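This report is a guided reading for someone meeting the structure for the first time. Please keep the sequence and the 3D view at hand while reading.

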Amino acid sequence: MNTVLGGNMASDISGIPENDDIFYYRMKRHEDELRWLYMELYGNDSMYAELTGQMYEFYEARGAALKRIDAAREADPEWYKRNDLLGMMLYIDNFAGNIAGVESRLDYIEKCNVNYIHLMPFLNTVEGRSDGGYAVTDFRKVKPEYGTMEDLEHLTATCHERGINVCMDFVMNHTSSDHEWARRARAGEGEYMSRYFFFDSDVIPREFEKTVPQVFPTTAPGNFTWLPDCGHYVMTCFYPYQWDLNYRNPRVFNEMMYNFLFMANQGIDVIRIDAVPYIWKEPGTQCRNLRQVHTIVRMMRMISEIVCPSVLLLGEVVMEPVKVVPYFGTVEKPECHMLYNVTTMATTWHTVATRDTGLLKKQLDIVGGLPKEYVFLNYLRCHDDIGWGLDYDTLKWQGQEEVPHKKYLNDYFRGLAGSSNSRGELYNSDPVTGDARFCGTTASMCGVEKAGFEGDEEAMERAIQLDVMLHAYMFTQSGIPVLYSGDEIAQVNDYSYKEDPLKADDSRYIHRGKMNWENAEKIAESGSVEERIFDRLAGLESIRRSEKVFMTSADMWTVRAGDRSVLCIGRYYDGDKMYGIFNFSEYEKEISVTEDDRPCTDMLTGEEISLENIALPAYGFYWLKVKAKTQNSPDMDNDCRSIIRNGVLS
């Protein structure tokens with residue numbers, strides 16, 4: 001069989017008709033590299049032929065409306081890098097009961113200025129063995145209580161009519177132990193056992209355990225589970241009911257790519273690849289971030305660009321920015337379109353607890369110094385816990401040791417130290433090492449819960465101010481901001497999870513509470529907490545959309561503010577320049593920005609303000625737009641390039 005495309009595009013690719021110019025053009029662009037990588041990994045011509053044939057079938061099955069979106073985004077490949085994207089993460093059941101309920105709430109989503117919704121895992125799972133939806137039993141079936149695949153397709157089509165993008169989780173590292181493959185493997189069918197890591201003795205598992213770290217050492221210790229009914233060990237790096245897939249088997253890769261393309265054809269715009277670094281397993285390694293992982297992600301990118309080029313790949317890689325950048329690939333051979341800015345999120349809350357912006361400044365300068373092609377998703381809170389994976393080398397140099405500092409942070413956010421107003425709970429606490437992660441909503445961590453419980457209006461205003469300041473800071477970062485559903489109305493911790501035996505052992509459900517629609521209606525009630533948060537965030541979102549200086553590809557750097565508790569961020573794009581100034585302290589501060597002597601306009605009020613002797617109230621902030629130079633003034637572009645160089649190096 002000939003798999004190489006000739007110059008006249010007349011080659012036979014797995015029997016694909018020769019008259020589809022669009023598919024052939026895309027395939028011609030990627031064929032050499034895709035085949036080379038596939039053969040390097042698997043060396044299997046027939047499986048490669050099957051893959052390319054199925055790719056054409058999925059392309060043919062792709063609806064006309066989706067193909068129009070593909071064409072528009074191929075013509076504008078930078079579409080997701082503008083300043084008009086705002087995301088929201090939500091659980092379908094908690095937000096609106098089911099998929100049809102989400103569709104009925106699209107007016108509210110638009111009112112939140114959101115045009116990118118991340119639907120948390122919605123594929124079929126088994127109750128009690130789901131890990132929040134990340135143990136999938138069927139990659140082509142929606143949970144029955146959520147609706148059907150037809151409901152999902154209707155939702156995505158309606159979203160597209162309104163200009164809203166839809167993101168989903170693609171859990172490709174493992175399946176549920178209740179997946180058909182797993183059931184047949186457990187029954188002893190060799191073909192299906194080879195899709196996982198099965199061993200009839202503990203010899204090889206013990207070798208793996210020597211080098212592979214544990215993901216959940218307290219709640220799910222070890223990386224293997226013994227199956228007494230079939231007399232084998234199976235690799236389970238996450239939970240015993242999540243069986244790791246063996247991507248050494250080309251059948252696994254092919255079938256998962258077919259699932260990927262099936263979901264893309266339901267109208268999904270962004271596919272979040274769960275647990276990307278874990279995909280490839282190799283004895284004698286940590287089974288993290290191996291070379292073959294990048295081969296797989298690169299092939300996914302090419303398969304997507306051939307079949308459904310409007311679809312973006314979002315990688316879940318939980319490491320500091322400088323270590324996640326390999327998952328972007330290169331400019332010539334890209335992998336993920338977007339990655340999470342996980343460490344900056346954790347460092348933000350460290351800054352709240354310490355009132356010291358030093359570590360955050362260092363991290364933002366690293367991000368600001370990366371190529372502008374790299375797009376990060378920024379957030380304050382998500383569905384998961386906060387793991388304190390900070391830059392402890394830098395903190396140690398400042399006299400802070402890792403173990404006691406983690407304890408301080410967990411005590412602070414539980415309201416037990418540091419004059420804290422936060423409320424929340426620990427997750428995965430290890431009584432031996434003292435290590436733990438933290439759970440709580442943004443509003444509860446900012447003090448809204450405590451102030452409301454105590455009926456303290458002064459404390460409430462301060463909590464709201466901190467909450468809004470943190471969102472303004474997040475909007476100023478380089479990348480795409482994402483809200484967690486409920487944060488726009490300051491939703492607090494939900495302790496009712498403890499009454500549900502299926503959730504009581506997982507404190508992450510404290511911030512995964514149901515959307516309080518009764519409270520959401522209060523955004524129209526002047527003076528309510530919900531209105532005060534919602535309206536202020538809406539104002540910030542409006543400014544961000546209207547000012548080109550917030551473009552993802554803008555230059556970003558930090559500026560010395562003269563006070564450790566104050567963070568100053570500079571942004572520059574196409575002649576426009578602004579400063580975001582943020583007070584992480586509960587005390588009033590006065591600072592001056594000495595790198596610029598031009599007057600500024602307060603972007604929130606329109607008033608003129610000087611960069612000298614700026615008075616910042618407790619948890620206050622400014623967005624200041626620098627007035628353009630006059631025609632006879634020195635060139636602003638050269639000015640800013642110099643400042644950026646100096647800022648990044650300082």
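H232 has its place in strand β9, which covers residues 232-235. In this predicted model, H232 is buried, because its relative accessible area of 19% falls under the 20% cut-off. A polar atom of the H232 side chain lies 2.9 Å from the backbone oxygen of C230.

Once the neighbours within four places in sequence are left aside, H232 is in contact with M193, F198, F199 and D200, and also with T225, W226 and L227. A further distance concerns F197, a residue 35 places away from H232 along the chain, where the two C-alpha atoms are separated by 9.7 Å.

## Strand β8 and residue T225

One of the contacts of H232 is T225, and T225 is located in strand β8, made of residues 224-227. T225 counts as buried, with a relative accessibility of 15%. The side chains of T225 and T236 make a polar contact of 2.7 Å.

Which residues does T225 contact, leaving aside those within four places in sequence? They are H232, Y233, V234, T236 and P240, while H232 and Y233 belong to the stretch 232-235 that forms strand β9.

In soluble globular proteins, nonpolar side chains tend to be buried together. Here the largest nonpolar core has 180 residues, and Y247 and W349 are those with the most contacts inside it. The element that gives the most to this core is helix α20, residues 457-476, with 12 residues. Another core, of 22 residues, lies apart from it and includes F224, M235, Y239 and Y509.

The surroundings of Y247 can be listed in more detail: not counting residues up to four places away in sequence, Y247 touches Y42, M172, V252, F253, M256, I279, W280 and I296.

## Two helices side by side

Helix α2, residues 45-61, packs with helix α11, residues 250-264, at an angle of about 5°, and their axes are 11 Å apart. The angle is under 35 degrees, which means that α2 runs roughly parallel to α11. The residues of this contact divide into 10 nonpolar, 2 polar and 2 charged.

On the side of α2, the residues that take part are M47, E50, L51, Q54, M55 and F58. On the side of α11, they meet P250, R251, F253, N254, M257, Y258, L261 and F262. Of these, F253 is also one of the residues touched by Y247. An α-helix has 3.6 residues a turn, so residues three or four places apart point the same way.

## An enclosed helix

How many of the residues of helix α15 are buried? In this helix, residues 358-368, the number is 9 of the 11, so α15 is largely enclosed by the rest of the structure. The buried residues are G358, L359, L360, K361, Q363, L364, D365, V367 and G368.

## Two further buried sites

N428 is placed in the loop between β15 (425-427) and β16 (437-439), and at 13% relative accessibility N428 counts as buried. A polar contact of 3.2 Å joins the side chain of N428 to that of T219. Beyond its neighbours within four places in sequence, N428 is in contact with F216, P217, T218 and T219, as well as with D435, A436 and R437.

F621 is found in strand β25, residues 621-626, and is likewise counted as buried, at 14% relative accessibility. With its neighbours within four places in sequence left aside, F621 contacts Q465, V468, M469 and A472, together with L540, I581, F582, L604 and L616. The C-alpha atoms of F621 and V566 are separated by 9.2 Å, although the two residues are 55 apart along the chain.

Most residues other than glycine have a negative phi.

C287 sits in the loop between β11 (270-273) and α12 (291-307), and C287 counts as buried, with a relative accessibility of 1%.

How values were computed:
Residues numbered from 1 in each chain as written. Predicted model: local features only at pLDDT ≥ 70, side-chain atom pairs only at ≥ 80, totals over all residues. Heavy atoms only, no water. Helix = DSSP H or I, 4+ residues; strand = E, 2+ residues; numbered from the N terminus. Buried < 20%, exposed > 50% of the residue type's maximum accessible area, 1.4 Å probe, protein only. Contact = heavy atoms within 4.5 Å. Polar contact = N/O pair within 3.5 Å; in protein donor to acceptor, adjacent residues only side chain to side chain. Core = buried A, V, L, I, M, F, W, Y, C linked by side-chain atoms within 4.5 Å. Axes fitted to C-alpha atoms, helices over the stretch in contact; angles between N-to-C directions. Parallel < 35°, antiparallel > 145°, perpendicular 65-115°, else oblique. Nonpolar A, V, L, I, M, F, W, Y, C, P; charged D, E, K, R; others polar.
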